[in-house]
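Thanks for coming, everyone. Please look at the screen while I talk.

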Amino acid sequence: MHLDHDPAAPPAGTIGFDDFLRVDIRIGTIVAAEPYPEARKPSVKLRIDFGPGIGERKSSAQIAVLYDPDSLIGRQVAAVVNFPPRQIGKFMSEVLTVGFADEAGNVVLFAPDRPVPNGSRLF
């Protein structure tokens, strides 16, 4: 599912600005998190509040190596909210929570360095 994590990899092919605008990345606050041991890779099931325009959405995130579910409650994260839902085992993931790979290839969540309103869009 994931692309090349090598920080030394060349950039992906050029896209137009309109292509970028089609990817709707929003900020939401994690309101629930629980382990997802049935997933192929260590994952956590998240429920994220994106505010009144989008509401709460579910996500399966491959973050269990670095994050304890209890520590995630109240944390703001970024997610792509306009991909179609995707079946991850028995769980339907509605948004793609985004992050970056650390040196070991584990996912580090991407989030603002200051609180912003839920539903704020990346631009």
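Let's begin with I63. Where is I63 found? I63 sits in the loop between β3 and α2, and α2 spans residues 69-72. Remember as we go that this is a predicted model.

Is I63 buried or exposed? I63 is buried: its relative accessible area is 2%, and the cut-off for buried is under 20%. Which residues does I63 touch, if we skip those up to four places away in sequence? The list is P42, S43, V44, L46, L72, V107 and L109. Now pick out R26. R26 and I63 are 37 residues apart along the chain, and their C-alpha atoms are separated by 19 Å.

Step back into strand β3. Strand β3 covers residues 56-61. Find S60, which has its place in β3. S60 is buried too, with a relative accessible area of 15%. Leave aside the neighbours within four places in sequence. Then S60 is in contact with Y36, S43, V44, I88, F91 and S93.

Next comes K58, also placed in strand β3. Here the relative accessible area is 32%, so K58 is partly exposed. Again, leave aside the neighbours within four places. K58 is in contact with L46, F91, M92, S93, E94 and V95. For a sense of distance, take A39. A39 and K58 lie 19 residues apart along the chain, with 15 Å between their C-alpha atoms.

Who faces K58 across the strands? K58 is the bridge partner of R47. That brings us to β2, residues 43-49. How many bridges join β2 and β3? There are six, and the pairing is antiparallel. Further along, D49 stands opposite E56 in β3. β2 and β3 make a hairpin, with six residues between the strands. In that hairpin, G51 takes a positive phi near 85°.

Stay with β2 for a moment. Five of its seven residues are buried, so β2 is largely enclosed by the rest of the structure.

Now the other partner. Strand β1 runs over residues 25-36. β1 pairs with β2 in the antiparallel sense, over seven bridges. Those two strands form a hairpin as well, with six residues between them. A33 has L46 in β2 as its bridge partner. E34 stands opposite K45, also in β2.

What is the order of the open sheet? Its five strands run β3-β2-β1-β4-β7, with antiparallel pairing. Why is one side of β3 and of β7 left without a neighbour in the sheet? β3 and β7 (96-97) stand at the edges, and each has a single partner strand, so one side of each has no neighbour there.

Zoom out to the whole protein. How many helices and strands does the protein have? Two helices and nine strands. Along the sequence, they follow the pattern α-β-β-β-α-β-β-β-β-β-β. How compact is the protein? The radius of gyration is 14 Å, and the globule rule gives 14 Å for 123 residues, so the protein is as compact as a globular protein of that length. The C-alpha atoms fill a box of roughly 40 × 35 × 30 Å, taken along the principal axes.

What about the surface? Of the 123 residues, 32% count as buried. The protein exposes about 8200 Å², and carbon and sulfur atoms supply 56% of that area.

Next, contacts. Take those between residues at least 6 apart in sequence. Of these, 58% join residues at least 24 apart.

Last, charges. The protein has 13 positive and 15 negative side chains. The centres of the two sets lie 6 Å apart.

We then walked through β3 and β2 to β1, and β2 pairs with both of the others. Those three belong to the open sheet of five strands. Thank you, and I'm happy to take questions.

Conventions
Residues numbered from 1 in each chain as written. Predicted model: local features only at pLDDT ≥ 70, side-chain atom pairs only at ≥ 80, totals over all residues. Heavy atoms only, no water. Helix = DSSP H or I, 4+ residues; strand = E, 2+ residues; numbered from the N terminus. Rg over C-alpha atoms; globule rule 2.2 N^0.38 Å. Buried < 20%, exposed > 50% of the residue type's maximum accessible area, 1.4 Å probe, protein only. Contact = heavy atoms within 4.5 Å. Areas by Shrake-Rupley, 256 points an atom, 1.4 Å probe, with all protein chains shown as cover. Lys, Arg positive; Asp, Glu negative; His and termini not counted. Charge placed at Lys NZ, Arg CZ, Asp CG, Glu CD. Pairing = 2+ DSSP bridges.
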